[in-house]
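Me: I'd like to go through this fold with you, one question at a time. Here's what I have open.

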Amino acid sequence: MSLLRQSGWLRALEILTGLLAIVFAVLVFAFPEWGISTLVILLSVGLFFIGVRSIALLGVKGLTKGIKVLNAITGIISLILAALVVVFPGYGIVTLLTFVSLALVVHGVGRMFLAYALKETTSLTRGLMAAVGVVDVILSIVVLFLPGLALLVFASVLAVLLIVSGAEMVASGVIGRTWLGDIVDAAMKEMQ
């Protein structure tokens, strides 16, 4: 596996966003009585950090323009949807769940497309990217069509995803290397 060396600012950003994702996951576990509206707002904050992280990849040298544009687009859409959920909570739970569901679809489709487009990347990396995308899309369908079904289970699953994603970001930031090296290598091979 090729590991890409990260700059100091990207390491700090990954550690910060990873820790915040873990904190929000713990809050979801600790205070389920806050209700689904609080959960959705916390998740929208998580989507905000996902968007920031996607946009931050614009600063990584060696990525193709296409990969940077894809990450920027999915990051911006995630930021917009997260902001709408926070700014307009009065539209009710259904609207909040719809925004979160759309953001999950955007992020999931972006991950699946990236996994498909980077043919030179290792199978494990592509498989993990595609799996995250599929899970995001499945969760978005559950949110849209079965909002009353097992909200605590839904909250728990998303909290676990935030913990895992946050731990990965923290570990990547601490060691100063990221799995994105495989993506950069694959993109460079496809450019040749």
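Me: How does the reach of helix α1 from its first C-alpha to its last sit with what's expected at 1.5 Å a residue?
Reply: Keep in mind that this is a predicted model. Helix α1 covers residues 8-30, which makes 23 residues. At 1.5 Å a residue the expected span is 33 Å, and from first C-alpha to last the helix is close to that, reaching 33 Å.

Me: And which residues in α1 are buried?
Reply: An α-helix has 3.6 residues a turn, so residues three or four places apart point the same way. With that in mind, here's the buried list for α1: Leu 10, Glu 14, Thr 17, Gly 18, Ala 21, Phe 24, Ala 25 and Val 28.

Me: Zooming out, in what order do the elements run from the N terminus?
Reply: The protein chain has seven helices and two strands. Read from the N terminus on, the order is β-α-α-α-α-α-α-β-α.

Me: What share of the contacts with a separation of 6 or more comes from residues 24 or more positions apart?
Reply: The chain has 192 residues, and 41% of them are buried. Among contacts with a separation of 6 or more, residues 24 or more positions apart account for 76%.

Me: Which residues make up the largest nonpolar core?
Reply: In soluble globular proteins, nonpolar side chains tend to be buried together. Here the largest such core has 11 residues: Leu 10, Ala 56, Leu 57, Val 60, Leu 63, Ile 67, Leu 70, Leu 114, Ala 115, Leu 118 and Met 129.

Me: Which helices each supply at least two residues of this core, and what does Leu 70 touch?
Reply: For the core of 11 residues, the helices are α3 (65-87) and α4 (93-117). Not counting residues up to four places away in sequence, Leu 70 touches Gly 110, Phe 113 and Leu 114.

Me: Why does His 107 count as buried?
Reply: His 107 lies in helix α4. Beyond four places in sequence, it touches Ile 50, Val 132 and Asp 136. Buried means under 20% relative accessible area, so His 107 counts as buried because its relative accessibility is 11%.

Me: What about α5, which residues are buried there?
Reply: Helix α5 takes in residues 123-145, 23 residues in total, and reaches 32 Å, close to the 33 Å expected. The buried ones are Thr 125, Met 129, Gly 133, Asp 136, Val 137, Leu 139, Ser 140 and Val 143.

Me: Now the voids: how much space lies in the largest cavity?
Reply: Counting cavities of 30 Å³ or more gives three. The space in the largest cavity is about 50 Å³.

Me: Which helix gives the most to the lining of that largest cavity?
Reply: Its lining is Ala 21, Gly 46, Phe 49, Ile 50, Leu 162, Ser 165, Gly 166 and Met 169. By type, that's five nonpolar, three polar and no charged. α2 (36-56) and α6 (151-175) each supply at least two of the lining residues. The most, four residues, comes from α6.

Note on methods: Residues are numbered from 1 along each chain as its sequence is written. This is a predicted model: local features need pLDDT of at least 70, side-chain atom pairs count only at pLDDT 80 or more; totals for chains, interfaces and linings use all residues. Side-chain values use heavy atoms; hydrogens and water are left out. On a 1 Å grid over the protein atoms alone, a cavity is a set of points where a 1.4 Å probe fits but cannot get out, and a pocket is an open set with protein on both sides within 12 Å along at least five of seven lines; lining residues have an atom within 4 Å of a point. Grid points are joined across faces, edges and corners, and a volume is the space filled by probe spheres set on the points. Ala, Val, Leu, Ile, Met, Phe, Trp, Tyr, Cys and Pro count as nonpolar, Asp, Glu, Lys and Arg as charged, and the others, Gly among them, as polar. A nonpolar core is a set of buried Ala, Val, Leu, Ile, Met, Phe, Trp, Tyr and Cys residues joined through side-chain atoms within 4.5 Å. Buried means under 20% relative accessible area, exposed over 50%, partly exposed in between (1.4 Å probe, protein chains only). Contact means heavy atoms within 4.5 Å. The expected span of a helix is 1.5 Å times one less than its number of residues.
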